[in-house]
Each structure stands twice: as C-alpha cells, then as structure tokens.
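I am opening a notebook page on this structure, to set down what I looked up and in what order.

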Amino acid sequence: MSKKEIRIGLIGYGFMGRTHSNAYSQLDHFFDTQHVPVRQAVCGRNEEAVKAFADKWGFASYETDWRELVKRDDIDAIDICTPNNSHAEIALECIKHGKMVLCEKPLALNGEEGEAMVKAIEDSGLPNLVWYNYRFLPAVTHAKNIVDAGELGRVFHYRANFLQDWTISEDLPQGGEALWRLDAAAAGSGVTGDLLAHCIDTARWLNGDIVSVSAMTETFIKERVHQETGKKQAVTIDDACAFLARFENGSLAIFESTRYARGHKALNTFEINGEHKSLSWDLHDLNRLSYFDHGVPGDRRGWSSIHCSDGDHPYAGNWWVPGLCLGYEHSFTHALVEFMKSLDDPSAEKQYPDFRNALGTQYVCDAVLESAKTGQWVDVKKA
C-alpha cells in the first residue's frame with residue numbers, strides 16, 4: 001500500500017523544534033503507518049539560523065514569516081513550537097487556511113484563548129494534537145493500561161511533582177528568546193503552565209477529571225532585568241506552586257512544582273494508590289514502572305519493578321531488543337505515531353491529547369492560579 005505524505009511546516013527551531021524534527025525523521029523507520037510526515041518547511045525570524053536548521057534537519061525549504069508559511073499550498077500540517085502567547089494567533093490562522101495543527105503545550109495562555117481555539121478547530125473538522133509527550137513513554141502508557149483494566153480497584157490517592165533548580169540565581173534575566181518562560185507576557189504563568197501542566201495532563205489521563213483545587217504559589221525573586229528593555233522589572237510568573245485536588249472519582253491529590261529545588265534538573269514523578277495495587281514512576285528512570293500488588297502472599301508482598309523494554313510493553317517492540325532502553329526523545333515519536341494512526345483510521349478512538357483534551361488541562365491550570373490568588377478552593381470548569 002502506498003504511503004500518504006503529510007507535509008509538515010514547523011514554526012520554531014529551538015529545543016522543541018529539535019525534538020519534533022527528530023520524531024519526524026524517525027517515525028517511518030520504526031513504525032508502519034499509512035500516513036507519514038515529510039519535513040517540508042521550517043520557519044524562524046533569523047534567516048541565517050533557520051536556513052542552517054533546515055539544512056541540518058532535512059527540511060526542504062524555510063520561511064522567515066509564519067504567516068507566509070501557513071498560506072502555502074504545499075503544507076498540510078503546521079507544528080507550533082513557539083512561546084505560549086503566540087499559540088492561539090498562529091493556530092487560528094492555520095485553521096483559516098485549512099491546515100492540521102500540532103501545537104506545543106500548554107494549549108494557550110488561558111482557558112478563554114483555548115476555548116476560541118477549540119471552537120475553531122472543531123468547527124473546521126481538522127485533525128489536531130497537543131504535544132503532552134510524557135503520556136507516550138512505555139512505562140507511563142503501561143500504567144494507563146493497568147489502570148484502565150481496573151486492576152487498582154477504587155483509587156484513593158494521586159501525587160505528582162516536577163522539580164527543577166535552574167532559576168535560583170538572582171542574576172538570571174527574564175524575557176528574550178531563551179528566557180521567555182520567565183516573562184508572564186510570553187508564558188502566561190511560570191511552573192504551573194510549564195511544568196505542572198505536564199503532571200496535570202498525565203493525572204487526568206490516568207485518573208480522570210480534576211474537579212476542584214486549593215493552591216499556593218510563590219515568586220521568590222521579585223524583580224529581574226528584562227533582556228528586551230535592559231531594565232529591572234517585576235517578575236510576575238510563579239516560581240513555585242503546590243496544590244491539593246479532588247478528582248471526579250473521589251480520590252485526593254497533591255501536586256508540587258518549583259524551579260527552586262536545588263539538585264533537581266527535571267524530577268518528574270507520579271504515584272497512584274488504589275484499593276488493590278499502587279503504581280509509581282520517575283522520569284529519571286523512565287523505562288521503569290514501580291508496581292505494588294497487595295494480592296500476592298504476605299511473605300512476598302512488596303514493591304516490584306517492571307522494566308518496560310520488552311516487546312509486550314507499549315511501543316517498545318518497535319525499537320530494540322528487550323532490555324535496551326528508550327529515552328525522552330522517543331515520547332515525541334510515539335505521540336506522532338498515534339496522530340498518524342488517527343489519520344489512517346479517523347473513526348478510531350484518539351489515543352492522544354487534542355485541543356479539547358488540552359483545554360481541560362488549561363482549565364485546571366487556570367483554577368490553580370485563581371485559587372492561589374484568592375486563597376479559596378476553586379471548582380474546575382469542565383472541557
């Protein structure tokens with residue numbers, strides 16, 4: 001059967017642009033889908049840099065104006081890898097021109113922007129994806145399969161964290177190309193939208209909707225020099241956030257994220273405790289799912305370790321022989337696989353987060369920030 005090419009236009013060539021480009025280059029080598037991505041064009045404002053990126057990553061052409069890119073007839077799908085404050089504008093323009101949209105997380109700056117994006121994409125009927133990539137690591141997907149099989153029984157608790165330490169220095173500026181995540185105008189929020197959004201997406205995927213939250217946030221360094229103005233100005237992102245949550249299924253949760261946890265570069269973990277079994281996962285050992293089964297005899301009861309690299313584990317059989325590990329980059333390939341499979345069979349249930357699903361995570365982030373501001377429990381809007 002002949003393959004159907006999906007011609008990709010990538011906007012942005014930084015960290016996320018590289019991870020996505022790697023996924024586009026790997027998919028057809030390891031997975032058999034009827035639809036395959038073709039690296040048609042990449043867009044960035046610096047012509048010399050974007051041309052070098054196109055040459056290095058195998059894109060057939062480049063643009064320096066994203067508006068020109070989305071008009072092109074030789075582009076089927078646009079991949080948005082830009083700062084958060086541009087997601088909505090770019091996505092809405094893509095939809096006007098009939099392009100499929102693959103958008104980096106979070107979906108938008110806030111729920112209101114996200115609602116406009118969801119309405120436009122659903123009215124158009126265009127396929128769409130939001131790159132919440134951690135779902136697609138074999139151990140995390142395996143956890144999902146165990147939960148969906150009902151093996152945990154009634155779920156009582158969920159806890160997650162995402163800890164970093166890269167912003168502790170008072171000399172670190174905010175804003176600009178490299179540090180836009182520290183500028184609320186570009187990012188919308190700090191760790192809530194950047195890090196906790198990942199934890200929230202995984203939690204909602206594994207354990208269902210979050211219905212209410214009670215949060216606190218802190219900005220430890222109140223002023224930083226802004227790179228674009230050269231002037232010191234207030235920092236309005238959240239450097240740290242912790243919140244309690246209730247899920248629709250009655251379980252309780254604790255979430256924590258900070259960029260001020262000295263010694264942690266990207267500690268992303270979750271644990272889910274059920275009536276019969278518990279599961280936990282740690283990004284630093286991402287191929288391994290920890291598993292506790294209360295049903296085994298008492299003298300052999302304890303936490304066990306499942307190394308999710310066997311052919312029986314999600315995605316792993318498409319890569320290497322059992323026991324050899326996958327990494328962070330493979331999660332993006334797997335997300336892309338699921339998107340392409342949905343193009344192969346549009347009637348099949350989607351196995352990836354689309355705009356509406358990501359709007360649900362956006363609503364949780366909005367509620368967290370509102371709760372931190374008001375000091376009250378806040379109900380989460382349902383997507």
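I began with Asp-76, which counts as buried at 19% relative accessibility, where buried means under 20% relative accessible area, exposed means over 50%, and partly exposed lies in between (1.4 Å probe, protein chains only). Before going further I noted that the model is predicted, that local features need pLDDT of at least 70 and side-chain atom pairs count only at pLDDT 80 or more, while totals for chains, interfaces and linings use all residues. I also noted that residues are numbered from 1 along each chain as its sequence is written, and that side-chain values use heavy atoms, with hydrogens and water left out.

**Entry on the partner of Asp-76.** Which side chain meets that of Asp-76 in a salt bridge? I found Arg-7, at 2.9 Å from N to O; a salt bridge here is a side-chain nitrogen of Lys or Arg within 4 Å of a carboxyl oxygen of Asp or Glu. The two residues are 69 apart and link distant parts of the chain, with Asp-76 in the loop between helix 3 (66-71) and strand 4, and Arg-7 in strand 1. Helices (H or I, at least four residues) and strands (E, at least two) are DSSP runs, numbered from the N terminus. Arg-7 counts as partly exposed, at 26% relative accessibility.

**Entry on other salt bridges.** I read that the structure holds 29 salt bridges, and I looked up two further pairs. Glu-89 and Arg-67 meet through their side chains at 3.0 Å, N to O, joining helix 4 (residues 87-96) to helix 3 across 22 residues. Glu-89 is partly exposed at 43%, and Arg-67 is partly exposed at 38%. The side chains of Arg-356 and Glu-122 meet at 2.7 Å, N to O, with Arg-356 in helix 10 (residues 355-374) and Glu-122 in helix 5 (residues 111-124), 234 residues apart. I also noted a network of salt bridges that links Lys-105, Arg-181, Asp-194 and Arg-259.

In what order do the six strands of the open sheet lie? I found the order 3-2-1-4-5-6, with parallel pairing, where two strands pair if DSSP finds at least two bridges between them. Strand 3 (61-63) and strand 6 (128-130) are the edge strands, each pairing on one side only. Strand 2 (residues 35-43) pairs with strand 3 over three bridges, and Val-42 has Tyr-62 in strand 3 as its bridge partner.
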